Structures are given as structure tokens and as C-alpha cells.
Amino acid sequence: MPFVCAATFRVKKKHLEEFNERVRKHANNCVTKERGCVSFEVSTDEKDPSRFMLYEVYVTKKDFDRHCKAAHVV
């Protein structure tokens, strides 16, 4: 059974541009560089661009734990 992690949060408006760029690059790194990362989606609220949702899917919890320790995460 896959392991799913979902998070919602807000980013201060003064950091939105930088955060958008960095989180999308991070998501791509996770999918392309991490064994076991099936999907990493980044969504923003249409009405409130400071509100984000990350939805990550890993093959196993062990893959997610490895993700949390990856050099491009910490």
C-alpha cells in the first residue's frame, strides 16, 4: 500500500515568488531523484495564492522517511 503525505499551509506574501520557484524545483527533484517517490504535487488556492497544498505519494513509509533525510530536503 502506498504512503501518502498531504500538507496545507500559507506563505507570507513577501516570500511567494521565491517559495513558488523553490517548492516546484523541490517537487521535481523528489520525483526524478528519489527512489520510491511516485508523485509530488504542488497546488495553490485560486482565490488565495498564499495558500498551498503539497500532496506526496511514496511506495512505502520507508521511502518517505528516506525522503525526509535527503540532501535536497534538509
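**Aromatic contacts**

Modeller: Phe64 is buried, at a relative accessible area of 15%; buried means under 20% relative accessible area, exposed over 50%, and partly exposed in between, with a 1.4 Å probe and protein chains only. This is a predicted model, in which local features need pLDDT of at least 70 and side-chain atom pairs count only at pLDDT 80 or more, while totals for chains, interfaces and linings use all residues. Residues are numbered from 1 along each chain as its sequence is written, and side-chain values use heavy atoms, with hydrogens and water left out.

Colleague: How many aromatic pairs does the structure hold?

Modeller: There are 5 aromatic pairs. Rings of Phe, Tyr and Trp (its six-membered ring) pair if their centres lie within 6.5 Å; planes under 30 degrees apart are stacked, over 60 edge-to-face, and the rest tilted. Phe9 and Phe52 form a stacked pair, at 6.0 Å centre to centre with 15° between the planes.

Colleague: Which parts does the pair of Phe9 and Phe52 tie together?

Modeller: Phe9 lies in strand S1 (residues 3–10) and Phe52 in strand S3 (residues 51–58), so the pair joins parts 43 residues apart in sequence. Strands (E, at least two residues) are DSSP runs, numbered from the N terminus.

Colleague: Is Phe52 buried or exposed?

Modeller: Phe52 is buried, at 1% relative accessibility, whereas Phe9 is partly exposed at 28%.

Colleague: And which residues do ring pairs link into a cluster?

Modeller: Phe3, Tyr58 and Phe64 are linked in that way. Tyr58 is buried, at 0% relative accessibility.

Definitions and conventions. Helices (H or I, at least four residues) and strands (E, at least two) are DSSP runs, numbered from the N terminus.
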